[in-house]
Amino acid sequence: MKTSVPLIILVALSLFAAFVPATEPLKTGGAIVPGDVAWMLCSSALVLFMTPGLSFFYGGMVRTRNVISTMLQSFISMGLVSLIWIAVGFSLAFGDSIGGFIGNPSTFFMFKGVTGATHPDLSPTVPLLLFAMFQLKFAVITPALITGSFAERVRFTSYMLFITLFIVFIYSPLAHMTWHPNGLLRTMGVLDFAGGTVVHMSAGFAALAGALMLGRRKDHTGEAHTPANIPFIILGTGMLWFGWFGFNAGSALAANETAAQAFATTNTASASAALAWVFFDMLKGRKPSAVGACIGAVVGLVAITPAAGFVSVGASIFIGAFSSLVSSFMVSLKSKTAIDDTLDVFPCHGVGGLMGMLLTGVFAKDVGLAFGPTKTFLMHCLALVLVSGFSFFGSYILYKITDWILPMRVSAEDEEIGLDLSQHGESMLDGDAILQGHSEVHAAAGRKGFPVVSLNSPGAPA
């Protein structure tokens, strides 16, 4: 019966949605600007492209027996969050403000009033529908970012329940507080151009809560494991870097000079951060690695996200390099703790987003600390405390609720087999060659009823 519930919910939602009457927009703004529409359509596609990029980035980092499960956790977010966003997520994020904390769920319920006209407050030169779809892509990738912290040990169905709760109770309120014209943080003067708080800090602190709640992997020794596929990591990084131009430059919501500024600072910060990570590794006596360069590049993209349209290209060099060094240092500290954040989501996204928000308060043109005024920097410091606390403790509660409804952690035997086989019945390599040379996994898979191929068996892979 439990396995039929998701399908029943989907069928009920589809039947209900099919008969929701179309309505006119609640507000109508100015005329549509075709150039802005073209750029925002491209940007929306670029941001969506980041989620498959993240799946390759994360999938290449885990061990071979967990590649498919890790990639699917990112990919499935595109389907699940898309429907949640239409049903209620967009309204919670951008509906009529309730106290500056959350949007009215009835404002845009089932995309009611989200049509082809502009909106004076949200999308003055592009259709509100396009703005809603652009914002959807941010909502899609945020829970996908979290998955790296509990990779290799989370039950797939439980993860889907958690991200549903996360979008409703964590992401949407933060998006409202930060980006809605009447949102609490926005009225305080907090600057977040493209999601330093909404996306990266929320994901980073939720990742930390998840790693603490689920505990360490059974075979985790504190040392980094060997990545399954480094070319996947490089490919994923390239896809993320490419898509991030839509993420940041698209957040100008127009084809204008601000978009060009964000485009330039995004590329520069990522380049600076990649080099800083590699050079820092060399300073510590390590060989320059492809994985280090890729992680550094992503940290630079994370750090520049809140600042992209507010700072100079020169400042973006400092933001990328300095944030990269801080994140690299935080990663090195992780081995000294009992926290098993599998793919270093908190040191890279949580800390990277935090550094980006702080440095936005320093370098934002005319209002940053470097230009004299202190208000913006102080408001950013206050926002960092509020957002980190809300994301960490709120997510921890949601993990507990999810675990009470559907246990989140797989069994020790399923973890030993690997999530690809135990959760999805699939493996990355041809047939069951993935099991060769792993005697413990081989035996556990046999006990669970999975077909096992031995090197000495007839028909075994050469």
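The dialogue below goes through a predicted model and the reasons for some of its labels.

Visitor: What makes a local feature or a side-chain atom pair count in this predicted model?
Guide: Local features need pLDDT of at least 70 and side-chain atom pairs count only at pLDDT 80 or more, whereas totals for chains, interfaces and linings use all residues. Residues are numbered from 1 along each chain as its sequence is written, and side-chain values use heavy atoms, with hydrogens and water left out.

Visitor: Why is V11 called partly exposed?
Guide: Buried means under 20% relative accessible area and exposed over 50%, with a 1.4 Å probe and protein chains only, and partly exposed lies in between; V11 has a relative accessible area of 40%, so the label partly exposed applies.

Visitor: Which residues form the nonpolar patch on the surface?
Guide: L7, L10, V11, L15 and L83 form it, with about 450 Å² of accessible area together. Helix α1 (residues 5–18), a DSSP run of H or I with at least four residues, gives the largest share, four residues.

Visitor: How do the axes of helix α7 and helix α12 lie?
Guide: The axes of α7 (residues 196–214) and α12 (residues 345–363), lines fitted to C-alpha atoms over the stretch in contact, come within 8 Å and cross at roughly 145°, on a scale from 0 to 180 degrees between N-to-C directions. Contact, meaning heavy atoms within 4.5 Å, involves residues including H200 and F205 of α7 and H349 and M357 of α12.

Visitor: How much of the protein chain counts as buried?
Guide: Of its 462 residues, 53% count as buried.

Key: Patch = residues over 30% accessible without salt bridge, like charges linked within 9 Å, V, L, I, M, F, W, Y side chains within 5 Å. Areas by Shrake-Rupley, 256 points an atom, 1.4 Å probe, with all protein chains shown as cover. Salt bridge = Lys/Arg side-chain N within 4 Å of Asp/Glu carboxyl O. Helix = DSSP H or I, 4+ residues; strand = E, 2+ residues; numbered from the N terminus.
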